[in-house]
Amino acid sequence: MEEFCIIAFDNTHHAIACEKRLLEKGFHIRMIPVPREVTANCGLSIRFEPEDYDAVRLLVTEFSPISFYKVKKTGLKKEVTPMT
C-alpha cells in the first residue's frame with residue numbers, strides 16, 4: 001500500500017508558487033495531476049508525505065482556497081479522503 005497527501009488548488013498560479021515555497025523549505029514534493037476523485041479548478045496538485053502535513057499546512061495558508069487530501073493506493077484501487 002502506498003499513502004501520501006495532496007494539495008488541490010483553484011488556480012495554476014497558486015500551485016506553482018506553493019511548489020516553489022515548499023521546495024525552498026526543503027520538502028520532498030512533486031507536482032502531479034489532480035486525481036479524478038478530487039474536484040478542483042486547477043489541474044495540478046502537490047504530492048507530499050503524510051508526516052509533513054502539519055508543517056506544510058502552516059506554510060501554504062496564503063494560497064487559499066486550497067484543499068488537502070490523503071490518498072491510499074493499493075494496486076489499482078485508490079481511496080481519496082479529504083483532510084481537515
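Leaving aside its neighbours within four places in sequence, which residues is C18 in contact with?

1. In this predicted model, C18 makes contacts, beyond its neighbours within four places in sequence, with I7, F9, I46, V60 and F63. C18 also belongs to the largest nonpolar core, which has 16 residues, and it is listed with I7, F9, L22, F48, V56 and V60 as having the most contacts inside that core. The elements that give two or more residues to this core are β1 (2-9), α1 (12-24), β3 and α2 (53-59). Apart from it lies another core, of 8 residues, which includes F4, V34, V38 and V71. As general background, nonpolar side chains tend to be buried together in soluble globular proteins.

2. The aromatic residues deserve a separate point, and the count comes to 2 aromatic pairs. F48 and F68 form an edge-to-face pair, with 6.3 Å centre to centre and 85° between the planes; this pair links distant parts of the chain, since F48 is in strand β3 and F68 is in strand β4 (residues 66-74), 20 residues apart. F48 and F68 are both buried. The ring centres of Y53 and F68 are 5.4 Å apart and their planes lie at 85°, so this pair is edge-to-face as well. Y53 in helix α2 and F68 in strand β4 are 15 residues apart, and their pair likewise links distant parts of the chain. Y53 is buried, as is F68, and F48, Y53 and F68 form one aromatic cluster.

3. F4 is among the residues of the 8-residue core.

4. C42 is found in the loop between β2 (30-33) and β3 (44-48), and this loop residue counts as buried because its relative accessibility is 4%, where the cut-off is under 20%. Not counting residues up to four places away in sequence, C42 touches F9, D10, N11, T12, A15 and V34. The C-alpha atoms of C42 and H13 are separated by 9.2 Å, although the two residues are 29 residues apart along the chain.

5. H14, which is found in helix α1, has 18% relative accessibility and therefore counts as buried. With its neighbours within four places in sequence left aside, H14 is in contact with F9, F63 and S64.

Conventions:
Residues are numbered from 1 along each chain as its sequence is written. This is a predicted model: local features need pLDDT of at least 70, side-chain atom pairs count only at pLDDT 80 or more; totals for chains, interfaces and linings use all residues. Side-chain values use heavy atoms; hydrogens and water are left out. Buried means under 20% relative accessible area, exposed over 50%, partly exposed in between (1.4 Å probe, protein chains only). Contact means heavy atoms within 4.5 Å. A nonpolar core is a set of buried Ala, Val, Leu, Ile, Met, Phe, Trp, Tyr and Cys residues joined through side-chain atoms within 4.5 Å. Rings of Phe, Tyr and Trp (its six-membered ring) pair if their centres lie within 6.5 Å; planes under 30 degrees apart count as stacked, over 60 as edge-to-face and the rest as tilted.
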